[in-house]
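User: I am new to this structure. Please show me how to read its features, one at a time.

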Amino acid sequence: MHDDRALVEARLERALRERVRPAVHARAVPLGVSVWHAPGEPVPFAHAAGQDYAPAAVGDAWGPPWGTSWFRLTGRVPAEWAGKTVEAVVDLGFDAGLPGFQCEGLGHTADGEPVKGLHPRNAWLPVAAEALGGEEVLFLVEAAANPLIGMIGGPTPLGDKATAGTAPLYRLARADLAVFDREVWELVQDLEVLDGLMRTLGEHEPRRHEILRAAERALDALDLQDVSGTATAVRDRLGAVLAAPAHAAAHRISAVGHAHIDSAWLWPQRETVRKVARTAANVTHLMTDDPGLRFAMSQAQQLAWIKEHHPPVYERVKRQVAAGRFIPTGGMWVESDTNMPGGEALARQFTHGKRFFAEEFGIDTRDVWLPDSFGYSAALPQIIKLSGSRWFLTQKISWNQTNRFPHHTFWWEGIDGSRVFTHFPPIDTYNSELSGAELARAARNYAEKGRGTRSLAPFGHGDGGGGPTREMLARARRTRDLEGSPKVRVESPGEFFAAAEAEYPDPPVWAGELYLELHRGTYTSQARTKQGNRRSEHLLREAELWCASAAVAGLADYPYDDLDRIWKRVLLHQFHDILPGSSIAWVHREAEEAYAEITAELDDLVAAAQRALAGEGDRAVVFNGSPYPRRGVPAFGAAAGPAEPGSGIRTARDDGTFVLDNGLLRAEIDMDGLIASLVDLTAGRQMLPPGTRGNLLQLHPDLPNMWDAWDVDGFYRNTVTDLTAAEEVAAEGPDAVRVVRAFGASRIRQTLRLRPGSRRLDVEADVDWRETEKILKAAFPIDVHTDRSTSEIQYGHVHRPSHVNTSWDAARFEICAHRWVHVGEPGYGVAVVNDSTYGHDVTRHARPGGGTSSTVRLSLLRAPRFPDPRTDQGRHVLRYAVAPGASIADAVREGYDMNLPLREVAGDRDVPPLVAVEGSGVVAEAVKLADDRSGDLVVRLYECLGGRAEATLTSAVPVAEVIETDLLERPLPEGRRPAPAEIRLRLRPFEIVTLRLRRGPAGEG
């Protein structure tokens, strides 16, 4: 037989494109159109409905970037359409691709009831399932002129309303009443599913040719001038190939409806508020037509937005939740980044998210849903388990640049040994359309063949929202049992995980972090956002501690509502495109404003509590929010007039160099303002390897191949400029040296300070950053022989190789750390500490005279131009330090010290610590009052050194009962016990323990 496959396939493609798809809404009459252009930000329906609408027509331009126009669409169903399904077809000027990344609409009835959303793959509104003929039609469509920024590109002014301009972006392309021809639509689904399946099958497979010939016979029956009249006959010729059952061993796919909606990214938060409403309206409407749909929605924040801004849509959501179709999932406030949020913040993502789902819907979520975050902290498994969850899903590691991850279903083990059952959908997307190519990829990729049989496929338009469509559900129905295809069943995430865990109880184990070999620049981009996050986390810690102390003492009310609201605002900004710095300028401008407001509000809460605790008087009362005593002030306490340490010594030499010496460390600053020597006087040891200098600023070109704000590609290291020229090296006060440098269009003023009694040399960098497509690093060569570094993460630390033995090791050329990075050899180590920097790199070098040394570098600033063309431009103040002779315990202490400065308040009394912890390696991370407003005291502790530890906890107030709880402060099994005077604890390595102390009357406990 002659090979005419290409001819038949091309025939099918054209017939679908030019004849069959257009025939779905072929019978149409125009709607009347009028418009009101909102002059500023979006307005509620009631406001828009009362405005004066001007006549408009198809072809009219509308929509300056980020503007809103309301279209009033009116018409009458023709009498001859009686008995037909009638829809309004509305094309706002869509680009056929990228739904959610361009203009969108939300249709409303005349009385303001939201109907459903409009986007290029879902451009219709329901009028009548069975028209009577003559019905009046009126819709008001809120149309959002969101600019099509794209996901990859050069600098664009469209990312901020202030720079985007006012020229209209769109033209209204269609506004019709039309008959929905169900039989033609079903024919489209038949042909698309078979065409997609056929193209995934090998040319040697008979099934491919069987489908091809069936399609050919079907096309022969199609009258191109009467598609509607011949659709049934065409479908009859496809019936046999659609009825052929799947192979018994076919891969099984649990299709879960989803719309991964970025809480901000290429649009601001205010637009996400509308996106989630459009999507929820779409989904709940689709559920009325197809009750078999199961839709999973993560991010409690987004549901809270629907509740606040679109109550009618929220009521529809609640009804579908109760029916088991709309499934709150994930258990987090937002789909956060998990590399940079602190331990307590990551815990609060779950407490606030899970509590919202429980209070609003009566649901205790069991799965954690993070399909798009940029790598996953090794602390997460324990946090997941302590939140009461048991399953974890992501697909992002499939984006690895270098190494293919070996598993799709596995146990993920965290730093403490906790394990969670984890699944990576082999379909490699969270926005599946259930196309033939996607389903075939899932079956082909699945790494657990022979042991497991099933995977999960999230389907629906996402990122910018939209969700599942009726076309996707039609594909799911046709592929439920279809020869050559995986078996697709629409299910909930819980149904999938329960079945997957039951059939595969002993999957492989992956221990440690899930490092994404991509998007490493997100540890550094948008430094102000990262600094705002770090400072807000520590201020919240202080606010809870001091407000709890004041409340327990009867001096002030505990600000439950304020802290709840502020926490949620901080958690929102930890979303995985905000905190990582990968959003448009508008998002990061608003984040900076938000953090300034959060800082001011928390400073006021802290100050008010401390004033109440300190009493009246004019003595300096020093408050210590660190879990370690400092300067004579106990941890979590305050002391009136503690002794000041003695003075350090700064010596200026005739050759223009300086020496800083406090009796513990001796630093020599040369004429270039670099650290020429740093000696640990206690150990008698030089920190710097021979021939090196410390605090060396290094500038690299930084233009990654694809994702500007997201990526640092390894070749950036090929070119470097050492910034050694100094404009000024001069004394600064009694214990510091000032160094000023200029480079490119930028300037930096550094202050190197050795405080009395300190075992670290502090650096403050005041940078006026005006570079583009550059990365600035600060390098500290360290004379220790090691092949690994240790980095702080949430509730502990991780060790990472600093060698490049394998491709996995080499791919970790940029790493994330919280407050410190440590390198050491047996008996000696050095810590590099920071107050707001997350990106680092650690390398090994041959040492003159033998052995090796290491270099730790902090990634201070980047300057990508997309999606924000002015990323990080302007002034930054960054603080970091180097601590010679530091152990891991010292690194932990110094990290807290730098991030929790002492505070002075005028008063007259000491403040005893509300709680005290005795025991090496055990740290109290949070001290607060219980969220249920019972007045119980909650203390969260963790083991910080990676070993077993014993500790005692004492409280300044009587305690009647000690209850060990989960993160949501719910009692754990066998977690209750009477309170002794001292609470004795035994913790395993990196274990997190939450204790709820029920207060008793004086003398009790």
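User: In strand 42, which residue is the bridge partner of Ile 815?

Analyst: Strands (E, at least two residues) are DSSP runs, numbered from the N terminus. Two strands pair if DSSP finds at least two bridges between them. Here the partner of Ile 815 is His 840. Two bridges join strand 39 (residues 815-816) to strand 42 (residues 839-846), and the strands run antiparallel. The model is predicted: local features need pLDDT of at least 70, side-chain atom pairs count only at pLDDT 80 or more, and totals for chains, interfaces and linings use all residues. Residues are numbered from 1 along each chain as its sequence is written, and side-chain values use heavy atoms, without hydrogens and water.

User: How many bridges link strand 42 and strand 43?

Analyst: Seven, in the antiparallel sense; strand 43 spans residues 852-862. Val 842 has Val 856 as its bridge partner there.

User: Is Gln 698 buried or exposed?

Analyst: Buried means under 20% relative accessible area, exposed over 50%, partly exposed in between (1.4 Å probe, protein chains only). Gln 698 has 12%, so it is buried. Gln 698 sits in strand 30 (residues 696-701).

User: Which residues does Gln 698 contact, leaving aside neighbours within four places in sequence?

Analyst: Contact means heavy atoms within 4.5 Å. Among the residues in contact with Gln 698 are Val 720, Asp 722, Leu 776 and Arg 857.

Methods: Helices (H or I, at least four residues) and strands (E, at least two) are DSSP runs, numbered from the N terminus.
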